Amino acid sequence: MKGRTSAERFAGFRRGMGIGGWLTNYKRFNVLPDEWKLPLTIGDFEHFDRYITGEDVARIASFGMDHIRLGFDQIVVEEGPYRYRERIFRLIENFVGECGRRNLNVVLNLHKAIGNYCDIREDVSLMDDEELRNRFVALWLEFERRFHDRPDVAFELMNEVRDVKPELWNSLAERTIGELRSLNPSRKIIVGGTCWNSPRALKDLPLFDDENVIYTFHTYAPFEFTHQRGVLQAAPLFYNREMEYPGDIVKYRQFRETVGREIGDYADLERMDREYLRRELSPAFEFVQSHPDRILWCGEFGTIRHCRLVYRENWMNDVISLLLEHGIPYCVWNYLSTPNDGNRFSLVDDDTREILSPRLLRILQGHVEN
């Protein structure tokens, strides 16, 4: 195994595309009153039933992807504590079947767990509540029961754990992996660090003596570019300015000054470009160099939809070229966005569902420009 890159060892998961807006991000939770945030409505179920079809799976396969990362929320699949929605599991099972027919592997990603939402206030944290932790583990055991005979399905335990003490998340991840291993010694299990899967958090993860544990990170650096004029985060909404990439560093410095942040890493920069991204991703590159026997996968990265297309393409080109340079497989975010998804990152036209440009498709396929 040693001497081969992560991409070579994570066979069938070299380049993928995420699907959000279906079983996660189906509502703009931050505008709802508290009592309306978590219950599902008739409209929600109608959306779940029709939003993604076999035609979407075929289209993603035609893009040259080899896997799809499917995000889902705990409240969508869990009707109540330890009770599950057969209607939703049938949708997921049918989706996995469609992917199998198209030779696409699947990452099932728990995008939002109860107690670990990124866009709503919660009174109780998953990491602090024993019952929520028990339900978290039980949910993954239910997925194993249902997908036990599907080695083409990987389990990603959690999307973007919040800024919690790493030991709390590590303990829950270790317990979940241990219980899954008692049922399936070969299930591919993906685990990321805290601080929303920051590359810097990789160093805080335990190293499992298990070749089927895959480590992951996300990148949206620089945030003021990838989330420009976004409606879910206060700072880019307040700044309300179009950003270029590559771009003059002045706009980026002014962003931080305007929103009252320290200049920090920008102090010694003359331009926002590929070398800045290399620096931001250096903890991931150090991880693969220090742990050549482990698999590292970049599970999410992208740019907000209303960013000018040429800048999106430029940024995506530089990120993917750096990942390829270090042998890291990747999955882009994301295929399609609903109007209810506050920060729309779709890579296809939301009406026709066709890829936004030939150049973008070539880049996503790994045909990067130096």
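Modeller: To begin with a term, a contact means heavy atoms within 4.5 Å. Of the contacts in the chain with a separation of 6 or more, 73% are between residues 24 or more positions apart. Please note that this is a predicted model, in which local features need pLDDT of at least 70 and side-chain atom pairs count only at pLDDT 80 or more, while totals for chains, interfaces and linings use all residues. Residues are numbered from 1 along each chain as its sequence is written, and side-chain values use heavy atoms, with hydrogens and water left out.

Colleague: How many helices and strands does the chain have?

Modeller: The chain has 15 helices and 12 strands. Helices (H or I, at least four residues) and strands (E, at least two) are DSSP runs, numbered from the N terminus.

Colleague: What percentage of the residues is buried?

Modeller: Buried residues make up 59% of the 370 in the chain. Buried means under 20% relative accessible area, exposed over 50%, and partly exposed in between (1.4 Å probe, protein chains only).

Colleague: Which residues touch the most other members of the largest nonpolar core?

Modeller: Phe 95, Phe 136, Phe 143 and Trp 169 do, in a core of 112 residues. Helix α6 (residues 130–147) gives the most to this core, with 8 residues. A second, separate core has 9 residues, including Phe 10 and Ile 214. A nonpolar core is a set of buried Ala, Val, Leu, Ile, Met, Phe, Trp, Tyr and Cys residues joined through side-chain atoms within 4.5 Å.

Colleague: And Phe 136, what is it in contact with?

Modeller: Leaving aside neighbours within four places in sequence, the contacts of Phe 136 include Leu 110, Leu 157, Met 158 and Trp 169.

Colleague: Turning to the backbone, which peptide bonds are cis?

Modeller: The bond from Ala 221 to Pro 222 is cis, with omega near -10 degrees. Pro 222 lies in the loop between β8 (213–219) and α9 (223–226). The bond from Trp 333 to Asn 334 is also cis, again with omega near -10 degrees. Asn 334 is in the loop between β12 (330–332) and α15 (358–364).

Colleague: Is Asn 103 buried or exposed?

Modeller: Asn 103 counts as exposed because its relative accessibility is 69%. This residue lies in the loop between α5 (86–101) and β5 (105–112). Asn 197, in helix α8 (residues 194–197), is buried, with a relative accessible area of 0%.

Colleague: What does Leu 104 touch?

Modeller: Not counting residues up to four places away in sequence, Leu 104 touches Val 57, Ala 61, Met 65, Asp 66, His 67, Ile 68 and Cys 99. Leu 104 is found in the loop between α5 and β5 and is buried, with a relative accessible area of 1%.
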